[in-house]
Amino acid sequence: MRHEVAVRATVTDAGIKIKSQTRGFCCPEVVHKPQGLSSILGGCFLSCCAPLGVNDAELSLDPDNSTFSMDEDIAEAPTVSDTIPFGRILGARYRDSSANSQTHETEGLLHGIGHQRYIDLTYACMKDHHVVPCTVPLQIDYVPMAHENPDLVELIIEKSYQNVKRNRSILVIINPHGGKGKAMHIFKKRIEPILIASECSFELMETKYSRHATDIAREIDLEKFDTIACASGDGVPYEVINGLYMREDKVDAFNKITVTQLPCGSGNAMSISCHWTDNPSFAALCLVKSVESRIDLMLCTQPDSEDPEPKLSFLSQTYGVIAESDINTEFIRWMGPLRFDIGVAFNVLQKKCYPCDIYVKYAAQSKRELSVHYTKNKTTQYLEFENLITETDTESSDSGIPVENITEENLRIKYPVEDDIPNDWVKLDDEIGNNLSVFYTGKMPYVAANTKFFPAALPADGTFDMIIMKANLPVAKSFPILLSIDKGEHVLDSEVIHSKVLAYKIIPKIENSLISIDGERFPCKPLQVEVLPKLCKTLLRNGKYIDTDFDMLCADTKLP
């Protein structure tokens, strides 16, 4: 054990502020210098201890490697006036971890003399573009106020996990083939250290066969775990959610289990949309620092298929160019995202057509109506979250902010597939259905890194997005639309149909194709889908999806 000389510090409302640095300090760790905390992420982040926990940094999309990165300003060691924000703090302990913290005033230099306390503080710092846990010895001057916890370590932990569930019990499901076979290595190197430092308990299970994660979720002990973390791409979250849905006690399962993704695969849409990142270490920090939230799911039924049982979808369903470009290029998955681009370009150049009949139950049909819906619901959901964290008792608890439980009513199917199509559903014109190129419906803004296909998607507005393009568009028109997907601007084009829907039914008129649900292949047969509001409990950074700037795009565009 090294005997570093402790750095003097004090506790502030924002975090642990460094007051001075002893010349003998030899700890090599780094600290992130906070810059413009409130202006970057808003007061809500500070008051709730930041669901991601990175309340002193801005995440931005890096166009060079299609991943989210964190703007950095790194010092070699804590220096005077640096503050380690509570959102970055993972753990704290007195220098003598075996001593009883309640007797620290009499433990001499191990705990402190007078009002001085000696602790080891573990926090998340940046190293080589990743978050890693670092420990620094601190000498803190601490005189508790009347309302404060006299135990300094417990006070720091309370503030660091305010309104957040502490010490999660996590079942980590790893797809060993994910991330080009590197999923386990990614977990061990980038994720596990964060979970250990935050004192989460976790068990690892590797998937061994197709749909294994479904079986795991169907049999999971609800009393043993509170979180399922999918160290994978988007396939395992799909399987887990459906495994919970297959249980006889599915209501209890969706009330007790939080489902989240630790990005270790080729498609990490859930992490990008919910954690705002596809960096595994940032997502791990988000897991331990996030506030639980509920999101809508979509119920998908194909009564004429070999497996007519309803399936849950958290991400998307697609028919046409996008479906074939995704599923039919699995054999060149080694090419990464480029395989999808090649498939789309090939089919668009061919002007391939996918005729069908489409019936829709609209929530907002026109682009103008959709914009109004988005603005209203985005603001309402954010204010509800902000009010919740400010009105909650300021004392932290191991359970965090309570999330409203679901009932059997949340699982009730409103539009049974065996019934006739309701009278208030609208059939799309045959001119659209018979010339269809892209049919894409979804619930999360990103379907992949740099693919902001549903920029108006919201976590729990009780609707999902529908996007349609026709096949008879000139290539000079269709290609610019597809090239604008990374910015989410494609939905504003007059040739793109974009609506908010509650339910739909699509009836393909061809057989030699397929339908994709959350990236899984389904037969080219009639599909009916409806929204199931707030069914799934997950973790959202700051209680919302990543901001897509959709409202700003609408403000700059004249909508029909």
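Side chains of opposite charge can pair when their charged atoms come close.

A quick word on the model, everyone. It is predicted, with local features needing pLDDT of at least 70 and side-chain atom pairs counting only at pLDDT 80 or more, while totals for chains, interfaces and linings use all residues. Residues are numbered from 1 along each chain as its sequence is written, and side-chain values use heavy atoms, leaving out hydrogens and water.

Now the overall picture. The chain has 16 helices and 25 strands; these are DSSP runs, H or I of at least four residues for helices and E of at least two for strands, numbered from the N terminus. Of its 560 residues, 58% count as buried, meaning under 20% relative accessible area, with exposed being over 50% and partly exposed in between (1.4 Å probe, protein chains only). Take the contacts (heavy atoms within 4.5 Å) between residues at least 6 apart in sequence: 76% of them join residues at least 24 apart.

Back to the salt bridges, then. Let me walk you through a few.

Which residue does K443 pair with? Its partner is D296, and the closest N and O atoms are 2.9 Å apart. This pair links distant parts of the chain, 147 residues apart: K443 sits in the loop between β20 (436-442) and β21 (464-470), and D296 in strand β15 (residues 291-301). Both K443 and D296 are buried.

Next, R166 and E154, whose side chains meet at 3.4 Å, N to O. R166 lies in the loop between α3 (152-160) and β11 (169-174) and E154 is in helix α3, so this bridge ties together parts 12 residues apart in sequence. Buried or partly exposed, which is E154? E154 counts as partly exposed, at 29% relative accessibility, while R166 is buried at 13%.

D493 and K477 also form a salt bridge, with 3.3 Å between the closest N and O atoms. Here D493 belongs to the loop between α15 (475-483) and β22 (497-508) and K477 to helix α15, so the parts being tied together are 16 residues apart in sequence. D493 is buried, with a relative accessible area of 19%, and K477 is partly exposed at 31%.

One last thing to find on your screens: K165, R168, D226, E292 and K537 are linked in a network of salt bridges.

Notes:
A salt bridge is a side-chain nitrogen of Lys or Arg within 4 Å of a carboxyl oxygen of Asp or Glu.
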